[in-house]
Amino acid sequence: MAERDVEVRRIREQLQRRRRDLIAANQATRDELAALKAADRDPEYEESAQTELADYTLSQLLENQRRELMLIDAAFQRMDHGDFGTCVDCGMDISIERLQALPFAIRCEEDATAHEQERMGNVYASPPASL
């Protein structure tokens, strides 16, 4: 088995562990959010603001966990279809080092940098809506 295949298998195992951990953390976050919402009391204004902040924070955490799960599942799909580690722009192999650091990567470092610069350039090139 090629060294790259061994490394991809290791990355898959890491992603499987991360996915399990995320699902457990997601359930704990949901439980905490449900407990917060079920708190049957008439909080004073300051406590209400703290509860709203906690609610917002937990909701954001759930959304971040959902996004990461989607990225992991997409990486698994690419692995299953033999596309994992291939740059969507140039078709070249994404370096193992990049995949180890960022297993959701769909672009090689060079194309990712170009894509980000193009995206940021479009943000800054757009005139403000008021003009």
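Leaving aside its neighbours within four places in sequence, with which residues is Leu99 in contact? Select Leu99 and display Arg4, Ile11, Phe84, Gly85, Ile94 and Ala105, the residues with which Leu99 is in contact. Contact here means heavy atoms within 4.5 Å.

**Before going further**

The structure is a predicted model, in which local features need pLDDT of at least 70 and side-chain atom pairs count only at pLDDT 80 or more, while totals for chains, interfaces and linings use all residues. Residues are numbered from 1 along each chain as its sequence is written, and side-chain values use heavy atoms, with hydrogens and water left out.

**The whole chain**

Helices (H or I, at least four residues) and strands (E, at least two) are DSSP runs, numbered from the N terminus.

Next, colour the chain by pLDDT, the predictor's confidence in each residue, from 0 to 100. The mean for the protein chain is 87, and 85% of its residues reach 70 or more. Confidence is highest in helix α3 (residues 96-101), at a mean of 95, and lowest in helix α4 (residues 109-125), at 84.

Of the 131 residues of the protein chain, 24% count as buried. Buried means under 20% relative accessible area, exposed over 50%, and partly exposed in between (1.4 Å probe, protein chains only). Among contacts between residues at least 6 apart in sequence, 58% join residues at least 24 apart.

**The nonpolar core**

Select Ile11, Leu15, Ile72, Met79, Phe84 and Leu99, which touch the most other members of the largest nonpolar core, a group of 17 residues. The elements that give two or more residues to this core are α1 (3-38), α2 and α3, and α2 gives the most, with five residues. A nonpolar core is a set of buried Ala, Val, Leu, Ile, Met, Phe, Trp, Tyr and Cys residues joined through side-chain atoms within 4.5 Å.

**Gln65**

Move to helix α2 and select Gln65. Is Gln65 buried or exposed? Gln65 counts as buried because its relative accessibility is 5%. Not counting residues up to four places away in sequence, Gln65 touches Leu22, Ala25, Asn26 and Thr29. For a distance check, pick the C-alpha atoms of Gln65 and Arg19, which are 9.5 Å apart in space and 46 residues apart in sequence.

**The loop between α3 and α4**

Select Ala105, which is in the loop between α3 and α4. Ala105 is buried, with a relative accessible area of 4%. Leaving aside neighbours within four places in sequence, Ala105 is in contact with Arg78, Ile94, Arg98 and Leu99.

Ile106 is also found in the loop between α3 and α4. Ile106 is partly exposed, as its relative accessible area is 32%. Beyond residues up to four places away in sequence, Ile106 touches Arg78, Thr86, Cys87, Val88 and Ile94. The C-alpha atoms of Ile106 and Cys87 are separated by 5.4 Å, although the two residues are 19 apart along the chain.

**The largest pocket**

Finally, select Leu71, Ala74, Arg78, Arg98, Leu102, Phe104, Ala105, Ile106, Arg107 and Ala112, which line the largest pocket. On a 1 Å grid over the protein atoms alone, a pocket is an open set of points where a 1.4 Å probe fits, with protein on both sides within 12 Å along at least five of seven lines; lining residues have an atom within 4 Å of a point.

The volume of the largest pocket is about 150 Å³, a volume being the space filled by probe spheres set on the points. Helix α2 (residues 45-81) gives the most to the lining, with three residues. By class, the lining has seven nonpolar, no polar and three charged residues. Ala, Val, Leu, Ile, Met, Phe, Trp, Tyr, Cys and Pro count as nonpolar, Asp, Glu, Lys and Arg as charged, and the others, Gly among them, as polar.
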